[in-house]
Amino acid sequence: MNCKRAHSFYSTPLVSFIIVNWNGLPILAQCLESIQDSCAKIPHEVIVVDNGSTDGSLEHIIRNYPEVQLIRNPQNLFFAIPTNQGIRASRGNYLFLLNNDVRLLPGCLEYLLKVLSSDQVVGAVVPQLVYPDGRIQPSCRRLPTFLNLSQSGLQLDKLFSSKSWKMVDWCHDNPRDVEQPMMSALLIRRECWENVGELDEHFPLYFNDVDWCHRALAKGWRIRFEPSAKAIHYESWSGKKLGFRQAYLSAQGLYRYFRKYQVNSVFSWRWPVLLCLCAGLTTIWSLRNMVKLWTPQSS
């Protein structure tokens, strides 16, 4: 039975997929196709929140995926606002935040649901992300601190691997609890989402995931990494289109995160340290962005 026909019979979906899209037609088509191919036996709904795309994304969805619920924004509202919009419109018991540049592999959703059904204290679970060539993609980090971010910026992660921000001491190949996974593919128990709250819209694009995980852990929820579940991630497919604005938004998110949790006043000695850290990381991210712009991307 065709997947998009099958789900019209279910009044209440088990899983709600929330996908934010901005001019991502080629990659979005693969994402939607992977949901249709791999989730045929699981009652679900797909909600795409579009940020003013002009590349034919809307027309493609309407023509090929009439079962998809489409929310249209007139402009690019980045990630936090449209994600909250999509979840408010959802009905599933589980919320799957999925980037438009992710392609689920067979069995991914089943493995993730099994983790959440087996332990009620696990509020969210993520799959193992892999690059298109099959290499494992590092996708989880420790919550940021002044120390571990400075070590990362100075390329000293390997010298202090057991406490590194990027978790370079772990190969992402075994199940474990994690502090802060990417929200590229994150399955959340609705009870957890409602307990923790929505994404903080003061973080429009970056560090909203860090902030949400921080709050989830503070509430006593666990976040699990499950390598049996796998998905292909075309990393930064949409973000690279922002050019150097991507570096600015990254630094803005970093600044607001530390101001929210660790730097209570501009009169604190930590405030100028934070400014230096943001300036340094902006420079590093800008240089990396230049490399990405000059490097051909696979599709």
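Modeller: Let's start with a cut-off: rings of Phe, Tyr and Trp, taking the six-membered ring of Trp, pair if their centres lie within 6.5 Å. Keep in mind that this is a predicted model. On that basis the structure holds 7 aromatic pairs.

Biologist: What makes the pair of Trp193 and Trp212 stacked?

Modeller: Planes under 30 degrees apart count as stacked. The centres of Trp193 and Trp212 are 5.7 Å apart and the planes are at 25°, so the pair gets that label. Trp193 belongs to helix 7 (residues 190-196) and Trp212 to helix 8 (residues 208-218), 19 residues apart, and the pair links distant parts of the chain. Both Trp residues, Trp193 and Trp212, are buried.

Biologist: And why is the pair of Phe207 and Tyr257 called tilted?

Modeller: Stacked needs planes under 30 degrees apart, edge-to-face needs over 60, and the rest are tilted. Phe207 and Tyr257 have 45° between the planes, with 6.1 Å centre to centre, and that makes a tilted pair. Phe207 sits in the loop between helix 7 and helix 8 while Tyr257 is in helix 9 (residues 245-261), so this contact ties together parts that are 50 residues apart in sequence.

Biologist: How do you know that Phe207 and Tyr257 are buried?

Modeller: The limit for buried is under 20% relative accessible area. Phe207 comes out at 7%, so Phe207 is buried. Tyr257 has 1%, so Tyr257 is buried too. Ring pairs also join Phe207 and Tyr257 with Phe146, Phe258 and Tyr261 in a cluster.

Biologist: Phe146 is in helix 6 (residues 146-153). What makes helix 6 mostly covered?

Modeller: Of its 8 residues, 6 are buried. These are Phe146, Asn148, Leu149, Gln151, Ser152 and Gly153. After helix 6 comes Gln155, with a positive phi near 60°.

Biologist: How do you know that the charged end of Arg141 sits over the ring of Trp165?

Modeller: For Arg, CZ has to be within 6 Å of the ring centre and within 35 degrees of the ring normal. The charged end of Arg141 is 4.2 Å from the centre of the Trp165 ring and sits over that ring. Arg176 likewise lies over the face of Trp170, 4.8 Å from the ring centre.

Biologist: Why do you say that the buried residues of helix 5 line one face?

Modeller: The buried residues of helix 5 (residues 108-118) are Cys108, Leu109, Leu112, Leu113, Val115 and Leu116. Looking down the axis of helix 5, they fall within an arc of 155°, so they line one face. Lys114 and Ser118 are exposed, on the face turned away from the buried side of helix 5. Among the elements covering those buried residues are strand 1, strand 6 (122-130) and strand 11 (222-233).

Biologist: How do you know that strand 1 (residues 15-21) and strand 2 pair up?

Modeller: At least two bridges are needed. Strand 1 and strand 2 run parallel and have 7, with Ile47 in strand 2 as the bridge partner of Ile18. Strand 2 is also parallel to strand 3 (residues 69-73), with 5 bridges between them, and there Val49 has Ile71 as its bridge partner. From strand 2 the chain crosses through helix 3 (residues 57-64) to strand 3 in a right-handed β-α-β crossover.

Biologist: What makes strand 2 (residues 44-51) mostly covered?

Modeller: 8 of its 8 residues are buried.

Conventions:
Residues numbered from 1 in each chain as written. Predicted model: local features only at pLDDT ≥ 70, side-chain atom pairs only at ≥ 80, totals over all residues. Heavy atoms only, no water. Buried < 20%, exposed > 50% of the residue type's maximum accessible area, 1.4 Å probe, protein only. Helix = DSSP H or I, 4+ residues; strand = E, 2+ residues; numbered from the N terminus. Right-handed = clockwise from strand over helix to strand, strands pointing away. Arc of directions from axis to C-beta. Contact = heavy atoms within 4.5 Å.
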